[in-house]
Amino acid sequence: MSALDDKVFIITGSSRGIGLAAARKLAGRGAAVVISSRKQEACDEAARAIEEEGGKAAAIACHIGKEDQLADLVEKTIARFGRIDGVVMNAASNPVYGPSEVVDQEAFSMIMRNNVFSAMRLAHLARPHLEAAGEGSLVFVSSIAGLLGNRLIGAYGISKAAQLQLVRNLALELGASGIRVNAVAPGLVRTDFAQALLDNPDRVRTMEQATPLGRLAEPEDIAGVIAFLVSPDSGWVNGQVIVADGGITTTGGF
Ligand SMILES: NC(=O)c1ccc[n+]([C@@H]2O[C@H](COP(=O)([O-])OP(=O)(O)OC[C@H]3O[C@@H](n4cnc5c(N)ncnc54)[C@H](OP(=O)(O)O)[C@@H]3O)[C@@H](O)[C@H]2O)c1
């Protein structure tokens, strides 16, 4: 018997990367997981892989930038599993690389809508179901880019910093309903999302050398923190951010 048996978690952006690793981890601990991304086929494939490993999974496509699809995600989850115990706000967008002067209004609005507003909407759509489940948990996958200045992905970093404030506000607003809200802030993780950074061997070497643990993260390194934050083991942790970066921020960044 595991603490996550019979619990149901939605994980946005879980067809690959950190989201998929988190889904695998939660399913491995007995939870049913909803795999979600923009592409139904990719979700189907990921859900099938989890089921083949003995887990419970459903695949429900949802573009986080589209409110009707967020509502659909919640409704279909209830139709399929009858409850929601937590949501991992993992999907995010980062369409621009470069200093702030190259960021136009359209790109900035898209980043803020997808990474901040959509997560806030999804939290409120899930809220009645989390309340009904008794003890709900929302976990935001933020980034150390929300804690440090960044010359390359500054607009994305602004959205990740805003997520951390959203975590504090939601923790305050939803605490009386027994819903905890926390974030994990990873450093660089080996996923498609970071490919543009990973493609630069000099940058990778610099990052590895600057990281006290001497390597970059794998998605599983972050999945364990997410599993902790949705579990009763973190029952008194609320409105907080856990930095999971191998220690790189202890050096003041990179
Ligand atoms: N990788 C890193 O170095 C790193 C570091 C710190 C924080 N993070 C954060 O970690 C989270 C996950 O990133 P990752 O590295 O695991 O990325 P990833 O491997 O590229 O996976 C991203 C996932 O999100 C989905 N997705 C992308 N845009 C979406 C949208 N608009 N609506 C719904 N789903 C969408 C993708 O599937 P589809 O393309 O099929 O939609 C995929 O399932 C993000 O919030 C990111 O900011 C990553």
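Let me start with helix 1 and helix 8, the latter covering residues 219–230: their axes cross at roughly 55 degrees and come within 8 Å. This is a predicted model. Angles under 35 degrees count as roughly parallel and 65 to 115 as roughly perpendicular, and helix 1 and helix 8 are therefore oblique to each other. The crossing of helix 1 with helix 8 is right-handed.

On the helix 1 side, the residues in this contact are Gly17, Ile18, Ala21, Ala22, Lys25 and Leu26. Helix 8 contributes Pro219, Glu220, Ile222, Ala223, Gly224, Ile226, Ala227 and Val230. By class, that contact has ten nonpolar, two polar and two charged residues.

Next, helix 2. Helix 1, residues 17–28, packs against helix 2, residues 40–52, at an angle of about 30 degrees, and the axes are 10 Å apart. With the cut-off for roughly parallel at under 35 degrees, helix 1 and helix 2 are therefore roughly parallel to each other. Their crossing is right-handed. Leu20, Ala23, Arg24 and Ala27 of helix 1 meet Ala46, Ala49 and Ile50 of helix 2.

- Arginine 38: a polar side-chain atom at 2.8 Å from a ligand oxygen.
- Serine 37: a side-chain N or O atom at 3.1 Å from a ligand oxygen.
- Phenylalanine 193: a polar backbone atom at 3.2 Å from a ligand oxygen.

Key
Residues are numbered from 1 along each chain as its sequence is written. This is a predicted model: local features need pLDDT of at least 70, side-chain atom pairs count only at pLDDT 80 or more; totals for chains, interfaces and linings use all residues. Side-chain values use heavy atoms; hydrogens and water are left out. Axes are lines fitted to C-alpha atoms, for helices over the stretch in contact, and angles run from 0 to 180 degrees between N-to-C directions. Helices (H or I, at least four residues) and strands (E, at least two) are DSSP runs, numbered from the N terminus. Angles under 35 degrees count as roughly parallel, over 145 as roughly antiparallel, 65 to 115 as roughly perpendicular and the rest as oblique. A crossing is left-handed if the near helix is turned anticlockwise from the far one by less than a right angle, and right-handed if clockwise. Contact means heavy atoms within 4.5 Å. A polar contact is a pair of N or O atoms within 3.5 Å; within protein, one must be able to donate a hydrogen and the other to accept it, and residues adjacent in sequence count only if both atoms are side-chain atoms. Ala, Val, Leu, Ile, Met, Phe, Trp, Tyr, Cys and Pro count as nonpolar, Asp, Glu, Lys and Arg as charged, and the others, Gly among them, as polar.
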